[in-house]
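Colleague: Could you take me on a close look at a single part of this model? I'd like to start from one side chain and then see how the surroundings are put together.

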Amino acid sequence: MPKAEITHRSPVGSSSAARTKLPFAFARDQQVMLDGTRLMFGPEASDFGLREAQRRAVGLGDIEVTALSAEAFEAALARIYQADDAASDADGPLTFDLGDTGGSGQGPLRQRDLLEDASEAPVIQLVNQLLKRAVTAGASDLHIEPYEGGLRARMRVDGFLQQIMDRADVPVRRVVSRLKVMAGLDIAETRLPQDGRIPLSLGGRMIDTRVSSLPGNYGERIVLRILDRSSGLMELPDLGLSPAQVALLERLAAMPNGIILATGPTGAGKTTTLYSLLKLANRDERNIVTVEDPIEYDLPGISQSQINAEIGMTFANGLRATLRQDPDVILVGEIRDGETSSVAAQAALTGHLVFSSLHANGSVGAVVRLRDLGLDDFLIAATLRGVIAQRLLRRLCPDCRHAQQPSPSEAAHFPAHGLAVPDDIYHPVGCEACHGSGYAGRIGVFEMIEVGSGLRAAIDRGASEAEMRELALEGRETLIGQALAEVTAGRTSLSETLRVVGDVA
């Protein structure tokens, strides 16, 4: 088979175009596919696959035959089979099945593709379609919620929950059991919370889902966190950072030791920022080790470890183990408890640069949170080098946003933060392009502090959050200030800014 892309026409002779679509599993395995009157094959295409494609194409007239490289075939396969459900279901529902766990309770033995055809039982088809819809919509979470009236399913897109199903005729226990089987959980245990994971793929995209079950009045509630491993890492300026903030991060990443924290609520993009920062610190002369839950991206040249609390591989134990691996830079997925914070501080004191995330309300709030975890003030002052606080704001849909002069109450927010009142601010409207929400995508806003001598002394003497905030943020961009600048630029709305960030002076 030729490697380069070549095209010719062949009078290869379905009574209808619908017959030409090959099942996804067949197209993927045989490296051949049909798209209307176009036959495409990859370098490993089998003779059997080509004969079957030609048989299906009989009666369509001239067929364009195209040989593709391996990379081009994978891209075309993903593009054609990720079409909308109506187009994709020409040969029946496109579902997936993760197969048998083998009775081990350790999760699926093999990974199947979401686009693989299957004729399964109704419950399996329902679960498959819910998961497929959440993945194709770019949702970050999928909620399966039993209640008195039946079963509700919602997905979180751009930070907002959208209902996708609410039915009274669904066998709730069977749906929940199906998800637990897929995640390798104990279906006989319905009284205790459980955690697992489901590895998926969608047209070549690797998807990882973290599954959490929680007992409730009407059955177990299941929440799935969806992680798209193939989305790739973003460069620092693409995250929404200003040039001054990029310069500060470059300086922090070059430090020989200390702790650098990313803070914010769940889903604020902390891990993405830390990974981008890790790329900045990645040099051949540095040994970089990570301890994560889960490993969200594969980073070339970096040793990454997955924690497993069930067998004692916690963040604290994993961090202790990495210290025996001669590291220069350590990424700890999250500081959750006093033990992990203590080990991270000891690592920073002994000459290591530690990156981690922390749940806190702001940049200075990270100091208060570390105190709450039991870390002494002198240790925080000696080890903390910088803090990044961030939020994600929904981006206004450019097709339907509506400009309007700000009201007096709206205009009052800008001078309070040293910004000029804009002539117009934009409001969400809703259109077909944004599915009626008025928003499409998200943008990041950041607040960063570098722990200098003044702030270090304030932390050491146990200063209050208000005092530390005044010292740390003097002359620096704040979350609310950067968010209001995005409002002025027309990229988000004032209502979204106040919902996510609030108006904290």
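Modeller: Happy to. Let's begin with the side chain of Arg 391, which reaches the backbone oxygen of Asn 361 at 2.5 Å. Please keep in mind that this is a predicted model. Arg 391 sits in strand E16, which covers residues 384-396. Is that arginine buried or exposed? With a relative accessible area of 10%, under the 20% cut-off, Arg 391 counts as buried.

Its surroundings are drawn from several parts of the chain. Leaving aside residues up to four places away in sequence, Arg 391 touches Gly 264, Pro 265, Ala 268, Asn 361, Ile 443, Gly 444, Val 445, Leu 479, Val 500 and Val 501. Arg 442 is 51 residues from Arg 391 along the chain, and the C-alpha atoms of the two are separated by 9.8 Å.

Now step back to the sheet that holds E16. Seven strands make up this open sheet, in the order E13-E12-E14-E15-E11-E16-E19, with mixed pairing. At its edges are strand E13 (303-306) and strand E19 (439-450), each of which pairs on one side only. From one strand to the next, the twist averages 15°.

Within this sheet, strand E11 (residues 258-263) runs parallel to strand E15 (residues 353-358), and 6 bridges join them. H7 touches E11, E15, E16 and E19, and its direction makes about 55° with that of E19. Helix H10 (residues 338-349) touches E11, strand E14 (329-332) and E15, at about 140° to the direction of E11.

H7 also has a helix partner. Helix H7 (residues 243-253) packs with helix H8 (residues 270-281) at an angle of about 60°, their axes 9 Å apart. That angle is why H7 is called oblique to H8. On the H7 side the contact is made by Leu 249, Glu 250 and Ala 253, and on the H8 side by Leu 277, Leu 280 and Ala 281. The crossing of H7 past H8 is right-handed.

Of its 7 residues, 6 are buried, so E5 is largely enclosed by the rest of the structure. E5 and E6 form a hairpin with 2 residues between them; they run antiparallel and are joined by 7 bridges. Tyr 147 has Gly 150 in E6 as its bridge partner. E5 also pairs with E10 in the antiparallel sense, over 4 bridges, and Asp 141 stands opposite Arg 225 in E10.

Key: Residues numbered from 1 in each chain as written. Predicted model: local features only at pLDDT ≥ 70, side-chain atom pairs only at ≥ 80, totals over all residues. Heavy atoms only, no water. Buried < 20%, exposed > 50% of the residue type's maximum accessible area, 1.4 Å probe, protein only. Contact = heavy atoms within 4.5 Å. Polar contact = N/O pair within 3.5 Å; in protein donor to acceptor, adjacent residues only side chain to side chain. Axes fitted to C-alpha atoms, helices over the stretch in contact; angles between N-to-C directions. Parallel < 35°, antiparallel > 145°, perpendicular 65-115°, else oblique. Left-handed = near helix turned anticlockwise from the far one by under 90°. Pairing = 2+ DSSP bridges.
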